Amino acid sequence: MYCNFIEHGAEYAKHAVKEDDAGNYAKAFQLYKNALEYFQAHLKYEKNPQIAKTIKEKCMGYLRRAEEIGAILDNEGSVPTSNGSGTDPKAKPKSKPKDVEGKDEDPELAKLRAGLDSVIIREKPNVKWNDVAGLESAKQALQEAVILPVKFPQFFTGKRKPWRAFLLYGPPGTGKSYLAKAVATEADSTFFSVSSSDLVSKWMGESEKLVSNLFRMARDSAPSIIFIDEIDSLCGQRGEGNESEASRRIKTELLVQMQGIGNDDHKVLVLAATNTPYALDQAIRRRFDKRIYIPLPDLKARQHMFKVHLGDTPHNLTESDFEHLAQETEGFSGSDISVCVKDVLFEPVRKTRDAKYFMETSDGMWLPCEPTQQGAIKITLEELDEQGLASKICSLMITLALCPLT
């Protein structure tokens with residue numbers, strides 16, 4: 001079932017030895033790394049202890065040679081006399097390649113990095129903590145993981161380590177992605193916003209390379225945050241009948257990168273959101289050491305949401321009006337309230353569009369009115385526009401009576 005891993009690993013190892021013998025050390029180094037990744041992936045599932053022992057011995061040889069080549073590339077030192085394959089390379093590197101850990105000029109790596117460059121959020125979304133209604137425990141936990149380690153690193157010494165992976169889960173429309181926007185705004189970190197389409201490729205072996213390069217870029221840009229929205233679409237249960245080999249490899253690579261040997265850095269935070277946590281693979285779910293349930297908003301949160309979504313739009317609503325609206329919207333999600341307010345914001349426009357009578361105010365503005373009102377003139381919006389008075393038309397103020405819930 002897992003023969004593809006060992007076959008690919010053997011193929012990469014064969015090419016690595018060939019490039020090593022030819023003196024192409026930078027290329028050989030990368031090929032050795034690729035071979036080791038496949039062999040390590042196979043070892044996770046190998047049941048035969050004798051075969052596993054043989055693979056481990058080969059891996060140790062390839063690893064030693066890769067480390068030797070890495071030293072050559074870094075220092076332009078003398079070439080070791082033995083490699084993982086038992087051959088003796090004769091040539092020194094012709095020039096000193098750049099650091100293979102992300103700064104080389106490998107065209108394939110550059111292409112992968114260029115594809116991932118679009119997931120970096122370079123402009124802040126401008127969503128503050130105060131814009132997120134309720135969810136105080138979630139905001140507090142994220143501040144502990146994102147803000148405090150950067151501003152006050154002296155707090156995190158000894159066994160006190162910041163959280164490394166957060167899973168936000170709950171019903172749709174409760175503000176999981178919105179909370180991630182607040183993190184992107186408030187955190188002084190590089191923010192990577194990733195979806196499944198950014199990490200899935202039709203080419204064999206490229207998807208796991210994209211995952212590996214994503215984490216490598218995050219480590220190079222640390223402190224950084226990787227946000228994976230709708231992670232259930234990428235990391236469903238392994239072993240299902242409709243699971244592809246590519247999907248399995250992506251999950252394996254993600255598991256290794258999130259908590260693999262040698263990945264003990266605490267400057268990369270993985271933040272993920274899902275509506276269906278039970279659909280996640282168990283191993284993936286375990287990697288998230290902090291899981292936060294994002295519930296439907298309570299009364300106070302709904303009240304605050306109405307204020308936030310109205311913003312600076314002219315209205316005459318009082319605190320009691322906002323409280324009444326919050327009581328009438330029990331069971332609404334944040335998304336539902338947003339749609340409700342947006343619909344209300346268009347009500348004055350509709351009333352102005354359908355009005356048959358307008359009156360001129362003392363400041364020269366035209367306001368839609370009832371036909372019985374003093375000073376009412378029978379005229380439509382289109383006729384006012386034809387007379388060049390479109391800029392003089394003012395819409396109605398938002399009132400509680402315009403809300404469809406009342």
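User: Which element gives the largest share of the lining of the largest cavity?

Analyst: This is a predicted model, in which local features need pLDDT of at least 70, side-chain atom pairs count only at pLDDT 80 or more, and totals for chains, interfaces and linings use all residues. Residues are numbered from 1 along each chain as its sequence is written, and side-chain values use heavy atoms, with hydrogens and water left out. Rolling a probe the size of a water molecule over the atoms shows where empty space is left. On a 1 Å grid over the protein atoms alone, a cavity is a set of points where a 1.4 Å probe fits but cannot get out, and lining residues have an atom within 4 Å of a point. The largest share of the lining, 3 residues, comes from α10. Helices (H or I, at least four residues) and strands (E, at least two) are DSSP runs, numbered from the N terminus.

User: How much space lies in the second largest pocket, and which residues are closest to its centre?

Analyst: A pocket is an open set of points with protein on both sides within 12 Å along at least five of seven lines. The second largest pocket holds about 540 Å³. It is lined by 32 residues, and G173, T174, G175, Y178 and G334 are the closest to its centre. The elements giving two or more residues to this lining are α5 (136-146), α7, β5, α12 (299-310) and α14 (334-354). By class, the lining has 14 nonpolar, 11 polar and 7 charged residues.

User: Where does T174 lie, and is T174 buried or exposed?

Analyst: Buried means under 20% relative accessible area, exposed over 50%, and partly exposed in between (1.4 Å probe, protein chains only). T174 lies in the loop between β2 (165-169) and α7 (176-186). With a relative accessible area of 5%, T174 is buried.

User: Which polar contacts and other contacts does T174 make?

Analyst: A polar contact is a pair of N or O atoms within 3.5 Å; within protein, one must be able to donate a hydrogen and the other to accept it, and residues adjacent in sequence count only if both atoms are side-chain atoms. A polar atom of the T174 side chain lies 2.9 Å from the backbone oxygen of P171. The side chains of T174 and K176 are joined by a polar contact of 3.4 Å.

User: With which strands does β2 pair, and in which sense?

Analyst: Strands of a sheet pair through backbone hydrogen bonds, either parallel or antiparallel. Two strands count as paired if DSSP finds at least two bridges between them. β2 and β5 pair in the parallel sense over 5 bridges, and 4 bridges join β2 to the parallel strand β6 (residues 290-293). F166 has bridge partners L271 in β5 and K290 in β6. In β2, 4 of the 5 residues are buried.

User: What is the order of the strands in the antiparallel sheet?

Analyst: The 3 strands form an open sheet in the order β8-β7-β9. β8 (366-368) and β9 (377-378) stand at the edges, each with a single partner strand, so one side of each is left without a neighbour in the sheet. Strand β7 (residues 357-360) pairs with β9 over 2 bridges, and F358 stands opposite I377 in β9.

Methods. Points joined across faces, edges and corners; volume = space filled by probe spheres on them. Nonpolar A, V, L, I, M, F, W, Y, C, P; charged D, E, K, R; others polar.
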